[in-house]
Amino acid sequence: MKENEWSSLNEMIRICRKCVISGERKNVVLYRGSLQAFVMFIGEAPGKDEDETGVPFVGRAGKILDKAIADTGLTEKDFIIVNVLKCRPAGNKYMKIYEKNCISYLNTQIEIISPKLIVTLGMHALAIFSKEKLIKNIGIPIRHQEYTVIPMLHPASVLHDPRKWNLWNDSWNALKTYIEHKKIINEK
Ligand code: SF4
């Protein structure tokens, strides 16, 4: 059932032409991970490597993210990774007009997966759920409707500014503690 809904959604996204950037994409970028996930990581938009492969977070930032996820103890069946935008933005410029066009796909992804925990990566992903500033809320759980959302830095931010490594590591340790303390386990 869930698999059928997910496949139908993916087919809709694959043929979507709502934004001008659809004309330049090589691939829509749908997800990677498990449909049985209890943690959903939400990034912002595909980059060059993601556009080439159709898979989110496969470049250098993706390697940083993968190590951080592995260090929390989550395994492949426990999580899924998606982006707010499914097409690579022109010139890598995230624009609200694309977000407005694409947000219904993310909302449907969340509905289908129904995660116990959402982890946002970067300010654009957090802005979907909260008006709070990212820098003041990194690693701190917030409620959005029936979901718990934990805002985190985007992994690319530590590539661009190595001074953020301490903040990155501290926030992921806090996330690991939250998952352990709340005893969030994958019962799906
Ligand atoms: S960004 Fe989203 S809404 Fe825009 S064309 Fe791509 S899939 Fe469609």
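Hi everyone, let's start with the ligand: by class, its shell has eight nonpolar, two polar and three charged residues. Here Ala, Val, Leu, Ile, Met, Phe, Trp, Tyr, Cys and Pro count as nonpolar, Asp, Glu, Lys and Arg as charged, and the others, Gly among them, as polar. A quick note on the model: it is predicted, so local features need pLDDT of at least 70 and side-chain atom pairs count only at pLDDT 80 or more, while totals for chains, interfaces and linings use all residues. Residues are numbered from 1 along each chain as its sequence is written.

Which residues come nearest to the ligand? Of the 13 around it, they are Cys16, Cys19, Ser22, Cys87 and Cys102 (near means a C-beta atom, placed from the backbone, within 6 Å). Helix H4 gives the most to this shell, with three residues (helices are DSSP runs of H or I, at least four residues, numbered from the N terminus).

Now for H4's packing partner. The axes of H1 (residues 2–14) and H4 (residues 96–113) come within 10 Å and cross at roughly 170°; axes are lines fitted to C-alpha atoms over the stretch in contact, with angles from 0 to 180 degrees between N-to-C directions. So H1 is roughly antiparallel to H4, a label for angles over 145 degrees. H1 brings Lys2, Glu5, Trp6, Leu9 and Ile13 to the contact, and H4 brings Tyr105, Thr108, Gln109 and Ile112 (C-beta atoms, placed from the backbone, within 7 Å).

Finally, Gly62 sits in helix H3. Gly62 counts as buried because it has 20 C-beta neighbours inside 10 Å, and the cut-off is 20 or more.

Note on methods:
Helix = DSSP H or I, 4+ residues; strand = E, 2+ residues; numbered from the N terminus. Buried ≥ 20, exposed ≤ 12 C-beta atoms within 10 Å, placed from the backbone. Parallel < 35°, antiparallel > 145°, perpendicular 65-115°, else oblique. Contact = placed C-beta atoms within 7 Å.
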